[in-house]
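Keep the sequence and the 3D view side by side as you read.

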Amino acid sequence: MAEGHLLFFAKSANFPPKKEMVKNLEHIGIAVKDLSAANELYSKLLGTTPYKTEEVTSENVLTSFFKTGEAKVELLEATSPDSAIAKFIEKRGEGIHHVAFEVDDILAEMQRLESEGFTLLNKEPKRGADNKLVCFIHPKSANGVLVELCQEIREVD
Ligand code: ZN
């Protein structure tokens, strides 16, 4: 790497990161036309059946999750033509729709990423599938990749 690059990184406020901000890759979301057919195919591919199927009414999607080591695979089928998944498939066909990273403090991460110039698609964390609070980052600000931040919902009683 050229010295110029190192200088640039050294001067950038958050690079290298001072603490662990984004943790592991939590899951990869794949847009599918037919969830039950895709469940069958991915069961064969991964050698395991989905551990959960869940409808997320706010997003108009039906999802299923497979455990694949540390990370998961989420399959998403649209339940309405208004669903972002329906629009995605119409435009680009089936395929990888988003990558999701786990964070400890989604509000802090949203604030940090917004201040770094990323475009957040939702200003407040929303309830996603699999007991998570989620926020999406516009693909235009992340090299064409729709990025999801997710934080496990910890119920306090
Ligand atoms: Zn997801």
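**A loop residue and its neighbours**

Leaving aside residues up to four places away in sequence, Ala129 touches Glu54, Val56, Thr63 and Glu74; two residues count as in contact if their C-beta atoms, placed from the backbone, lie within 7 Å. Numbering starts from 1 along each chain as its sequence is written. Please keep in mind that this is a predicted model, in which local features need pLDDT of at least 70, side-chain atom pairs count only at pLDDT 80 or more, and totals for chains, interfaces and linings use all residues.

Where does Ala129 sit? Ala129 lies in the loop between β6 (126–128) and β7 (132–137). Helices (H or I, at least four residues) and strands (E, at least two) are DSSP runs, numbered from the N terminus. Ala129 is buried, because 22 other C-beta atoms lie within 10 Å. The cut-offs are 20 or more other C-beta atoms within 10 Å of a residue's own for buried, 12 or fewer for exposed, and partly exposed in between, with C-beta atoms placed from the backbone. Ala129 and Val61 are 68 residues apart in sequence, yet 9.5 Å apart in space, C-alpha to C-alpha.

Val61 belongs to β3 (61–68), and β3 leads us to a helix: the buried residues of α2 pack against β3 and β4 (71–78). Those buried residues are Leu35, Ala38 and Tyr42. Seen down the axis of α2, they fall within an arc of 60° (taken from the directions from the helix axis to the C-beta atoms), so they line one face of the helix. An α-helix has 3.6 residues a turn, so residues three or four places apart point the same way. The face turned away from the buried side of α2 carries the exposed residues Ala37, Glu40 and Lys44. Just after α2, Gly47 takes a positive phi of about 70°.

Now for the whole chain. The protein chain has four helices and eight strands, running α-β-α-β-β-β-α-β-α-β-β-β from the N terminus on. Buried residues make up 25% of its 157 residues.

How far can you trust the picture? The protein chain averages a pLDDT of 89, and 86% of the residues score at least 70; pLDDT is the predictor's confidence in each residue, from 0 to 100. Among the elements, helix α2 (residues 35–46) has the highest mean pLDDT (98) and helix α1 (residues 3–11) the lowest (53). Where pLDDT is low, the predicted coordinates should not be read in detail.
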